[in-house]
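Hi,

Here is the structure I promised to pass on. Have a look at it first, and my notes follow below.

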Amino acid sequence: MKILLTNDDGIHAPGLCALFEALAPRHTLFVVAPDGERSAVGHAITLSDPLRVREVRRKRPAGGSERFGWAVSGTPADCVKLALLELLETPVDLVVSGINQGANTGINVLYSGTVSAATEAAILGVKAVALSLDSPCVPDFCLASLVAERIVDWAAKTHFPQGTAINVNIPAIPLQHIKGVRLTRQGTGRHQERFEKRKDPRGNVYYWQTGSVSSAMEDPSIDRCALAQGYITVTPIHADLTDYQILGRSTIAGIESIDIWGP
């Protein structure tokens, strides 16, 4: 397959390099990724500044160098738009975003640049997968790379509904401890957030956001819970945020009777 690789950790991130090495033997790869870390930028796109693109090369074992991909000054969503609409001369069969360092589950999906790159591809009509490893520090991408190969093989023969992307999270545990793959729904549990108030050497106050993931979830159909139990989680997602359960309720439908032209 022809596959576009991207991420939100930057074009030199080890997760992207591990993904490239895993998929390169069997697929034609194109890499278009941010020129630096763009974590937690969500689905932001760049409108008021130009997007600058530079070629990134890497050394070849036999000597010399070859093009690895393009580094873009914008966001992950920018990278996907620019790649699919301008940089690539031929269409791709799949977009893979990752491998992210740290899980993207629950409300994090809305903040994640990794996931937003995949949903941007889906919006543009291309199959897309986001891959994340549940390891915020010193990650080992060996297992995640193996999972990436299997997921890509599955995606090659699977029909994705229009506008749907697949969000995959992988536990950072040995292969023998993986319980399997579980189809999950996105959780809605929020972070237990707080801000640390600090002062810089000049006495100016600043705040550093921190927090932890809520551990109150017990439903195994939820992405974060299944991941914590040792499952690789696969969650279909799309850009339509409409709450269809409440859309037809009389209390909401009554809004159409508001007379905005009356006295």
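Helix 1 (residues 14-23) lies across strands 1 (2-6), 2 (28-34), 3, 4, 5 (94-101) and 6 (128-134), and runs at about 135° to strand 5. Helices (H or I, at least four residues) and strands (E, at least two) are DSSP runs, numbered from the N terminus. Angles run from 0 to 180 degrees between N-to-C directions, with axes fitted to C-alpha atoms, for helices over the stretch in contact (heavy atoms within 4.5 Å).

Please keep in mind that this is a predicted model: local features need pLDDT of at least 70, side-chain atom pairs count only at pLDDT 80 or more, and totals for chains, interfaces and linings use all residues. Residues are numbered from 1 along each chain as its sequence is written, and side-chain values use heavy atoms, leaving out hydrogens and water.

Helix 2 lies across strands 1 to 5 and runs at about 135° to strand 2.

Now the sheet: 9 strands form an open sheet in the order 3-4-2-1-5-6-7-11-8, with mixed pairing (two strands pair if DSSP finds at least two bridges between them). Its edge strands are strand 3 (53-59) and strand 8 (180-183). Strand 8 pairs with strand 11 in the parallel sense over 4 bridges, and R182 has T233 in strand 11 as its bridge partner.

T75 sits in the loop between strand 4 (65-72) and helix 2 (76-87). Why is T75 called buried? Because its relative accessible area is 9%, and buried means under 20% (1.4 Å probe, protein chains only).

Best wishes

Key: Buried < 20%, exposed > 50% of the residue type's maximum accessible area, 1.4 Å probe, protein only.
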